[in-house]
Amino acid sequence: MSQASGGSVMSVRELAATRSDHRLFARDAERRTDPLRSAHLSGHDVAMGWILAAMIAFGVGVGIAFPFLVTTLITLKPGEESAFRIACMAAGFCVGGFSYGVARFTLYRANRRLAHLAAYDGLTALFNQRQFARALSAELLRAQRNDEPVSLIITDLDHFKSINDAHGHTAGDDVLAAVAGDVIASVRPFDVACRIGGEEFAVILPQTTKQDALGVAERIRTRVALSEHEGLPCVTISCGVATYPEDAASIRDLTTRADDAMYKAKAAGRNAVRPWRAGESVQS
């Protein structure tokens, strides 16, 4: 997170430290090397099986009890009583199964909604910080397997605190949403745009060299600088670029070096794009 923003949001450096690349790589590697793991029944599967059994048993129980409750109210012809009881039991079985299906579908919808809330930033509709770590881990694994580059752009709005102070936090939120739209409009459909801090964004660029990534970062910077959104102040951003495996071989190093490059852009006067280069300090 930039120095202008508050300390309540985890910075990119803290993100890299807490979500170590060793843990993420080991977990995904285990999933790929053990294809039978996904076929094992989980505790959730067993619990849902018991719920299904309970609902069907309840429906069958109702089907058994129902004939005894209504036989005094209806008149059955000789030989029809057994068929009536069997029909009631079958109906109860179907009701139990249908009830389970409705419950399972409702749970599925709720879980989908929760998963969406857990993965996306509510203000900008971009991936959030947690999903950024997952997406970057997946892209680095794919890059390792296919021997391809992956580039990371980290951007930070310039003087965002002064925008909040001068125009209010509501206007600041609108600016963030507008910048998110500019970022999305500047990248390819399969690039991964994320909001990883208060006014900090990241873009994961699969199969992209550093030179190409610098072009994308410059396109984002230019679009943000030239965009005019009605009722909102004009803003600029600073961008840092780092590339796997040219600059880093791990999530920790890649995020840290892209962050360092972004601060180099800040030090250069802001509204700029800088790549990470070995041996250069943040102030240079």
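Predicted model: local features only at pLDDT ≥ 70, side-chain atom pairs only at ≥ 80, totals over all residues.
Residues are numbered from 1 along each chain as its sequence is written, and side-chain values use heavy atoms, with hydrogens and water left out. Local features need pLDDT of at least 70 and side-chain atom pairs count only at pLDDT 80 or more, while totals for chains, interfaces and linings use all residues.

**Stop 1: the whole chain**

Show the cartoon. The protein has nine helices and five strands; these are DSSP runs numbered from the N terminus, with helices being H or I of at least four residues and strands being E of at least two. Followed along the sequence, the pattern reads α-α-α-α-α-β-α-α-β-β-α-β-α-β.

Of the 284 residues, 40% are buried (buried means under 20% relative accessible area, exposed over 50%, partly exposed in between, with a 1.4 Å probe and protein chains only). Take the contacts (heavy atoms within 4.5 Å) between residues at least 6 apart in sequence: 69% of them join residues at least 24 apart.

**Stop 2: the nonpolar cores**

Select Ile-153, Leu-157, Val-175, Val-179, Val-203 and Ile-220. These residues have the most contacts inside the largest nonpolar core, which has 28 residues. A nonpolar core is a set of buried Ala, Val, Leu, Ile, Met, Phe, Trp, Tyr and Cys residues joined through side-chain atoms within 4.5 Å. At least two residues of this core come from each of β1 (150-157), α6 (160-167), α7 (169-186), β3 (200-206), α8 (210-226) and β4 (237-244).

Apart from this core lies another, of 24 residues; select Phe-132, Leu-140, Ala-143 and Leu-152, which are among them.

Now centre on Val-179. Setting aside neighbours within four places in sequence, Val-179 touches Leu-157, Phe-201, Val-224 and Val-235.

**Stop 3: helices α5 and α9**

Select residues 129-146 for α5 and 251-267 for α9. Their axes come within 11 Å and cross at roughly 115°. Axes are lines fitted to C-alpha atoms, for helices over the stretch in contact, and angles run from 0 to 180 degrees between N-to-C directions.

The two helices are therefore roughly perpendicular to each other. Angles under 35 degrees count as roughly parallel, over 145 as roughly antiparallel, 65 to 115 as roughly perpendicular and the rest as oblique.

Show side chains: Phe-132, Leu-136, Ser-137 and Leu-140 of α5 meet Ile-251, Leu-254 and Thr-255 of α9. This contact has five nonpolar, two polar and no charged residues. Here Ala, Val, Leu, Ile, Met, Phe, Trp, Tyr, Cys and Pro count as nonpolar, Asp, Glu, Lys and Arg as charged, and the others, Gly among them, as polar.

**Stop 4: helices α6 and α7**

Move to α6 and α7, whose axes come within 7 Å and cross at roughly 135°. This pair is therefore oblique. From α6, select Phe-160, Ile-163, Asn-164 and His-167; they meet His-169, Ala-171, Gly-172, Val-175 and Leu-176 in α7. By class, the contact of α6 with α7 has five nonpolar, four polar and no charged residues.

**Stop 5**

Most residues other than glycine have a negative phi, and most peptide bonds are trans.

Select His-159, in the loop between β1 and α6. Its phi is positive, near 55°, and His-159 is partly exposed, with a relative accessible area of 47%. Gln-207, in the loop between β3 and α8, has a positive phi near 50°.

Finish at Pro-245, in the loop between β4 and α9. The peptide bond from Tyr-244 to Pro-245 is cis, with omega near 0°.
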